[in-house]
Amino acid sequence: EITRESLYYKHIQNPLGESVIVYATDKKGFLVAARSLWLVANDTGVAYQPCDTVTHKEHRGKGLFTHLTKLALSRLPMNSLVFNFPNNKSLPGYLKMGWSVHSNNSKRFSFALPINKKINRCISELLPENISDSYLDYLVWRYPANKYKFLTVKGNILISNGVNSGI
């Protein structure tokens, strides 16, 4: 469920930094559209993921998606990586702006594993020792142990919210 609190947590309290957020209002000052680029950095650079975009139904088809996307992108640091998992409604807009599809893989996955595998309580227990403190802080913030379960299989970290995952 998306709430004001969950958006604040995701876009403002992110230990890596705040998201880039842009918005549009009508002539009366009412919010009609908003666009965010979520900061998800790594040890070698800065990356953003477009997400949590909304346009009021009376203002759709007026180019706000394109305008706000370009505005948000113009506010990113030079050489930032932008990656995306567009849905069926946003994909045509991205393609019109010249974006391209590099993979049809979905970020959603499920897996079923035997219950007798060791489940770790905190993701920090699974990570290599040479990971930076800032990225470790981000991962612990992003995947809190009270909401996710973690498992290592053949050197890979599997993360699940526990729903239909078998762990």
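Tutor: A contact means that heavy atoms lie within 4.5 Å of each other. The structure here is a predicted model, in which local features need pLDDT of at least 70 and side-chain atom pairs count only at pLDDT 80 or more, while totals for chains, interfaces and linings use all residues. Residues are numbered from 1 along each chain as its sequence is written, and side-chain values use heavy atoms, with hydrogens and water left out.

Student: Which residues does L76 touch, if those up to four places away in sequence are not counted?

Tutor: With such neighbours set aside, L76 touches V20, L37, Y48 and V82. As for L37, 39 residues from L76 along the chain, the two C-alpha atoms are separated by 8.9 Å.

Student: Where is L76 placed, and is L76 buried or exposed?

Tutor: Elements are DSSP runs numbered from the N terminus: helices are H or I of at least four residues, and strands are E of at least two. L76 is in the loop between α2 and β4. For burial, relative accessible area is used: under 20% is buried, over 50% is exposed, and partly exposed lies in between (1.4 Å probe, protein chains only). L76 has a relative accessible area of 12%, so L76 is buried.

Student: How many helices and strands does the protein have?

Tutor: There are four helices and six strands, and from the N terminus they run α-β-β-β-α-β-α-α-β-β. Of the 167 residues, 29% count as buried. Among contacts between residues at least 6 apart in sequence, 55% join residues at least 24 apart.

Student: What does the accessible surface of the protein come to?

Tutor: Accessible areas come from the Shrake-Rupley method with a 1.4 Å probe, and for residues only the protein chains shown count as cover. The surface comes to about 11,800 Å², of which 52% belongs to carbon and sulfur atoms.

Student: How is a pair of aromatic rings described?

Tutor: Such a pair is described by the distance of the centres and the angle of the planes. Rings of Phe, Tyr and Trp (its six-membered ring) pair if their centres lie within 6.5 Å; planes under 30 degrees apart are stacked, over 60 edge-to-face, and the rest tilted. By this rule the count comes to four aromatic pairs. In one of them, Y9 and W141 have ring centres 4.8 Å apart and planes at 25 degrees, so the pair is stacked. This pair links distant parts of the chain, 132 residues apart, with Y9 in helix α1 (residues 4–11) and W141 in helix α4 (residues 133–142). Y9 is partly exposed at 35% relative accessibility, whereas W141 is buried at 12%. For F83 and F85, the centres are 5.9 Å apart and the planes stand at 80 degrees, so that pair is edge-to-face. Both partners are partly exposed, F83 at 28% and F85 at 38%.

Student: Which residues do ring pairs link into a cluster?

Tutor: The cluster consists of F65, Y94 and W99.

Student: Over which ring does the charged end of K10 sit?

Tutor: A charge sits over a ring if NZ of Lys or CZ of Arg is within 6 Å of the ring centre and within 35 degrees of the ring normal. The charged end of K10 sits over the ring of W38, 4.7 Å from its centre.

Student: What phi do D52 and N79 have?

Tutor: D52, although not a glycine, has a positive phi of about 50 degrees. D52 lies in strand β3 (residues 47–55) and is partly exposed, with a relative accessible area of 27%. N79, also not a glycine, has a positive phi of about 65 degrees. N79 is in the loop between α2 (64–74) and β4 (81–82) and counts as exposed at 76% relative accessibility.
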